[in-house]
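Biologist: Could you zoom in on one part of this model for me and then work outwards from there? I'd like the cut-offs spelled out as you go.

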Amino acid sequence: MNTAHPALLLSDRIAELLSDPERTPTGWSSRPQWRQSLAHGAPGIALLHIERAAAGRGPWEPVRAWLSVAADGPLTSGADSYLYYGAPALALVLDCAAQAHPGSYQRAMDRLDRVVAADTVRRCERAEARLERGDLPKLAEFDTIRGLAGLGAVLLRRAPGGTAVRRVLGCLVRLTDEVKHDGELLPGWWTLDGPSGERDERFPDGHANNGLAHGIAGPLALMALGLRRGVEVDGQREAIRRILAWLERWRDDHAWPYWTTPAHLSGPDRRPYPPQRPSWCYGTAGIARAQQLAALALGDQRVRHDAESALATALVDPKALAATTDLSACHGYAGLAHIAHRAAADATAPGAARLRSAAALLLDTTHPPHADPGEQAHRLLATVGPAFLEGAAGTALALLAPATGSTPATRWDTCFLTA
């Protein structure tokens with residue numbers, strides 16, 4: 001008789017505690033972003049219940065309740081919306097729900113599709129004008145969380161044959177062209193922002209961000225996923241190769257730095273980096289998965305092997321894991337287990353076995369021996385809150401596929417650009 005992994009029991013208990021929006025602490029439900037934020041609010045919790053219901057692990061009543069919260073009022077569109085907030089966030093969540101109930105939410109999704117496509121085209125027009133001026137980009141122009149890579153993920157899922165997604169891909173291809181700034185030849189995604197997306201005195205001359213959430217690994221993953229689904233624009237394969245060459249330049253054994261600064265450019269290309277957590281948002285897990293997707297799209301077995309080896313090694317590196325201090329989907333053990341599980345399904349031997357083993361170890365880490373799942377769930381909600389990206393809902397969602405050995409029923413991890 002098979003017994004459920006304790007991590008799955010933890011996921012179940014979290015979902016039970018988050019089944020009723022009326023029981024949400026007012027400290028969370030009163031926040032301005034609560035209704036529309038995939039990262040921090042109701043849409044992310046709805047996503048947990050949608051995946052559970054679609055996979056046969058939970059009822060649909062919580063889905064309807066949380067979607068009612070998300071849809072209870074005007075939705076943000078235009079420049080203030082992005083994958084994790086407003087119309088694009090709800091479009092993704094509703095599409096996940098409609099996968100299990102084809103035809104549901106159709107009128108709402110049709111309206112959202114028009115809004116998201118039109119807003120994205122306007123974002124592309126601004127990016128194209130910036131490219132023509134020769135200015136350096138803002139992170140929010142192109143990244144996964146706030147930029148074109150994230151919007152492209154929604155479009156690739158909802159309207160892969162449309163013109164908007166092709167405009168996005170065209171902008172991201174041009175983003176990979178080198179630019180000259182103050183006499184220095186830099187990658188086209190070099191930004192004068194700091195990692196927060198704002199000017200930062202610690203980065204007076206900017207940086208090139210390598211992460212999947214805020215850096216060039218997001219555009220890499222989107223272009224690779226597009227290629228795998230038959231959506232290709234001129235120069236897309238060459239752009240993927242340029243990003244892969246950049247990542248190869250800065251990889252140190254099985255790890256990548258979060259970002260590259262002018263100090264790196266003026267010093268030796270390769271240097272040991274201090275241990276960093278190998279998370280989805282920044283670090284080896286997200287970057288290696290994007291690299292693996294690119295290798296699959298190009299049919300490049302060497303790059304595929306390198307990505308799978310780097311990921312498998314990083315996920316059992318004691319120093320890297322020591323820097324991982326929580327369970328979250330964004331940068332914790334649950335997110336790492338999910339990525340390891342996804343990557344293992346696409347890997348070849350011996351990488352697949354190493355990644356499955358890493359996923360199992362990561363699952364064990366999420367639930368300490370003899371811990372009570374109910375108490376652990378209550379403690380998580382009390383300490384990190386109910387949110388998706390860094391909170392309990394995302395932890396519960398990221399644990400589902402690896403703990404059950406399944407493929408996500410709704411492909412909810414579109415929002416991570418990992419599938």
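Modeller: Start with arginine 411, which sits in the segment after α19; helices here are DSSP runs of H or I with at least four residues, strands are runs of E with at least two, and both are numbered from the N terminus. Keep in mind that this is a predicted model, with local features needing pLDDT of at least 70, side-chain atom pairs counting only at pLDDT 80 or more, and totals for chains, interfaces and linings using all residues. Residues are numbered from 1 along each chain as its sequence is written, and side-chain values use heavy atoms, leaving out hydrogens and water.

Arginine 411 has a phi near 50°, positive although the residue isn't glycine. Most residues other than glycine have a negative phi, and most peptide bonds are trans. Arginine 411 counts as partly exposed because its relative accessibility is 23%; buried is under 20% relative accessible area, exposed is over 50%, and partly exposed is in between, using a 1.4 Å probe and protein chains only.

Now step back to α19 itself (residues 392-404), whose axis comes within 8 Å of the axis of α1 (residues 6-17), with a crossing of roughly 140°. Axes are lines fitted to C-alpha atoms, for helices over the stretch in contact, and angles run from 0 to 180 degrees between N-to-C directions. The crossing of α1 and α19 is left-handed, meaning that the near helix is turned anticlockwise from the far one by less than a right angle (clockwise would be right-handed). From α1, the residues involved are Ala7, Leu8, Leu10, Ser11 and Ile14, and they meet a set in α19 that includes Ala392, Thr395, Leu399 and Ala403; contact means heavy atoms within 4.5 Å. The contact of α1 with α19 is made up of ten nonpolar residues, three polar and no charged.

What does leucine 363 touch, leaving out residues up to four places away in sequence? The list is His5, Ala7, Ala337, Leu399, Pro402 and Ala403. Leucine 363 belongs to helix α17, and it counts as buried because its relative accessibility is 4%. Its C-alpha lies 22 Å from that of alanine 290, 73 residues away in sequence.

Proline 350 is in the loop between α16 (333-346) and α17 (351-366).

Back to positive phi for a moment: aspartate 182 also has a value near 50° without being glycine. Aspartate 182 is in the loop between β1 (179-181) and β2 (184-186), and counts as exposed because its relative accessibility is 74%.

Last stop, α8 (residues 148-158), where ten of the eleven residues are buried. Those buried residues pack against α5 (87-100), α6, α7 (139-142), α9 (163-175) and α10 (217-228). Leu151 is one of the buried residues of α8.

Methods:
Nonpolar A, V, L, I, M, F, W, Y, C, P; charged D, E, K, R; others polar.
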